[in-house]
Amino acid sequence: MPTNRPSVFIDGEAGTTGLGIRARLENLPKIAVKSLSPAQRKDPAARRDLMAEVDLVVLCLPDEAAREAVALAQGLGPEMPKLLDASTAHRVQPGWTYGFVEMEDGQAARIAAADKVANPGCYPTGAIALLRPLVDAGIVPPDYPIAINAVSGYSGGGKSMIAAHDSAGGPAFEVYALGLEHKHVPETEFYSRLTRRPIFVPSVGHFRQGMLVSVPFHLDTLPGKPRGADLYEVLVARYRDCALVAVVAPAADGKVEPTALNDTGRLELSVYANEARRQAVLVARLDNLGKGASGAAVQNIRLMLGLDTGA
């Protein structure tokens, strides 16, 4: 293992998330990034040899390829590096720590101590940030019928979607995953501590990056019939000491656009309530490539390599 600054290998660095992680790590002189030549990137022997040389491997691969990469790393025995998986393959698997640093007190310490961390999905980051504190506080019952609406920039859709929007313009807006089997639902349900599977309705707009996640509530259907201000106060209390998560007052014009946090690792939460109608909508805003992907990965890398102490 290296004896000087810690080193990282991004397995799958040519993809959108991998490129974003590499760009962010290049601004961190305390971390050395090691790479394979393009001709070696799919060579298992070359990948295994490099895994044995570094402190941490980031997996930016499709799910099945990520599982194969984990097996490759585990074959190194005591030389196995720490693993950060950006795929969905291990997010609810035993033995893996979920890499949402601000999810609850102590999560940063768990990530720092872990050998295997699953980077969160972009949509779940917003949804869990909104829901988990309310479930923990008893305001939202675990079996409450939750509906989550979200819109992302097209950069979250992979190379084919990016190419379609960049070259041909792409659709102005589209709702997708209407079979209600989106791959982000399991982690959203599990880490929000829900016992009833939420309905998740994602969509893509013709803008490159940025994201909004929203959750509506009929306040009179919640235990104790809380006010919107009660939901707001729970969120404020939960994230008061978090550097990258802010609970902000609702905009006076009742509008939230998705791109304001682009190229940052920040997450903003807000509560829009109409007390006369006893309705509320909770909104999370983040960069799907920042706090929703590469930014969260670098946050976890810093913790796993002992370069940071928390959020």
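Q: Which residues line the largest cavity, and which element gives the most to this lining?
A: In this predicted model, the lining of the largest cavity is made up of Tyr123, Pro124, Ala127, Ile148, His184, Val185, Thr188, Pro198, Phe200 and Val213. Two elements, α5 (122-136) and α7, each give two or more residues to this lining. The element that gives the most, with three residues, is α5.

Q: Is His184 buried or exposed?
A: His184 lies in the loop between β8 (173-175) and α7 (185-191), and its contacts beyond four places in sequence are with Thr88, Arg91, Gly121, Cys122, Tyr123 and Pro124. With one of these, Arg91, the side chain of His184 makes a polar contact of 3.5 Å. The relative accessible area of His184 is 7%, and since buried means under 20%, His184 is buried.

Q: How many charged residues are in the lining of the second largest cavity?
A: The second largest cavity holds about 50 Å³ of space, and Phe9, Ile10, Asp11, Gly12, Glu13, Leu36 and Arg41 line it. Asp, Glu and Arg count as charged, and this lining includes Asp11, Glu13 and Arg41. Beside three nonpolar residues and one polar residue, the number of charged residues is three.

Conventions
Residues are numbered from 1 along each chain as its sequence is written. This is a predicted model: local features need pLDDT of at least 70, side-chain atom pairs count only at pLDDT 80 or more; totals for chains, interfaces and linings use all residues. Side-chain values use heavy atoms; hydrogens and water are left out. Helices (H or I, at least four residues) and strands (E, at least two) are DSSP runs, numbered from the N terminus. Buried means under 20% relative accessible area, exposed over 50%, partly exposed in between (1.4 Å probe, protein chains only). A polar contact is a pair of N or O atoms within 3.5 Å; within protein, one must be able to donate a hydrogen and the other to accept it, and residues adjacent in sequence count only if both atoms are side-chain atoms. Contact means heavy atoms within 4.5 Å. On a 1 Å grid over the protein atoms alone, a cavity is a set of points where a 1.4 Å probe fits but cannot get out, and a pocket is an open set with protein on both sides within 12 Å along at least five of seven lines; lining residues have an atom within 4 Å of a point. Grid points are joined across faces, edges and corners, and a volume is the space filled by probe spheres set on the points.
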